[in-house]
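Work through the exercises below with the model open beside you. Each task is followed by a stepwise solution.

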Amino acid sequence: MKLLTAALLLLFVAMCLASAEGVKCKCSRKGPKIRFSNVRKLEVKPRYPFCVEEMIIVTLWTRVRGEQQHCLNPKRQNTVRLLKWYRVWKEKGR
């Protein structure tokens, strides 16, 4: 009976860890190239123990597709430019 309880407890802990990994690291796939004019919101989330790099999540709006969220690769030059542009744009209060 003790062995069964220990096995169930171990299974429960493994399931909790697996679900925590999925929740924290959303950016398993990187998004497309984007236009700065379509950006509605930009979120920079720090690295978690389960993620290798920080998450940059951008919300885009287009007439055809509406609102969509994409993850961007933080090492790409286009993403670095977007972060710089967004910070300046936010400081101006737009």
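**Exercise 1. The largest pocket**

How many residues line the largest pocket, and which of them lie nearest its centre?

Solution. 
- Step 1. Keep in mind that this is a predicted model.
- Step 2. Count the lining: 11 residues line the largest pocket.
- Step 3. Look to the centre. N38, L60, T62, R65 and Q68 lie nearest to it.
- Step 4. Take the volume. The largest pocket holds about 160 Å³ of space.
- Step 5. Assign the lining to strands. Strand 2 (55-62) and strand 3 (66-72) each give at least two residues. Strand 3 supplies the largest share, with three residues.
- Step 6. Sort by class. Five lining residues are polar, three are nonpolar and three are charged.

**Exercise 2. The fold**

Find the order of helices and strands along the sequence.

Solution. 
- Step 1. Count the elements: the protein has two helices and three strands.
- Step 2. Read along the sequence. The pattern is α-β-β-β-α.
- Step 3. Check burial. Of the 94 residues in the protein, 21% are buried.

**Exercise 3. The salt bridges**

How many salt bridges does a search of the whole structure find? Identify the residues that form them, and decide how they are connected.

Solution. 
- Step 1. Side chains of opposite charge can pair when their charged atoms come close.
- Step 2. Search the whole structure. Two salt bridges turn up.
- Step 3. Take the pair K41 and E43. Their closest N and O atoms are 3.9 Å apart. This pair counts because a salt bridge needs the nitrogen within 4 Å of the carboxyl oxygen.
- Step 4. Take the pair K45 and E43. Their side chains meet at 3.8 Å, N to O.
- Step 5. Connect the pairs. K41, E43 and K45 are linked in a network.
- Step 6. K41 is partly exposed, at 43% relative accessible area. E43 is partly exposed at 24%. K45 is also partly exposed, with a value of 24%.

**Exercise 4. The nonpolar patch**

Which residues make the nonpolar surface patch of about 480 Å²?

Solution. 
- Step 1. List the members: M1, L4, L8 and L11 make the patch.
- Step 2. L8 lies in helix 1 (residues 2-24).
- Step 3. State the area. The patch covers about 480 Å².

Note on methods:
Residues are numbered from 1 along each chain as its sequence is written. This is a predicted model: local features need pLDDT of at least 70, side-chain atom pairs count only at pLDDT 80 or more; totals for chains, interfaces and linings use all residues. Side-chain values use heavy atoms; hydrogens and water are left out. Patches are made of residues with over 30% relative accessible area and no salt bridge: like charges are joined within 9 Å, nonpolar side chains (Val, Leu, Ile, Met, Phe, Trp, Tyr) within 5 Å. Accessible areas come from the Shrake-Rupley method with a 1.4 Å probe; for residues, only the protein chains shown count as cover. Helices (H or I, at least four residues) and strands (E, at least two) are DSSP runs, numbered from the N terminus. On a 1 Å grid over the protein atoms alone, a cavity is a set of points where a 1.4 Å probe fits but cannot get out, and a pocket is an open set with protein on both sides within 12 Å along at least five of seven lines; lining residues have an atom within 4 Å of a point. Grid points are joined across faces, edges and corners, and a volume is the space filled by probe spheres set on the points. Ala, Val, Leu, Ile, Met, Phe, Trp, Tyr, Cys and Pro count as nonpolar, Asp, Glu, Lys and Arg as charged, and the others, Gly among them, as polar. Buried means under 20% relative accessible area, exposed over 50%, partly exposed in between (1.4 Å probe, protein chains only).
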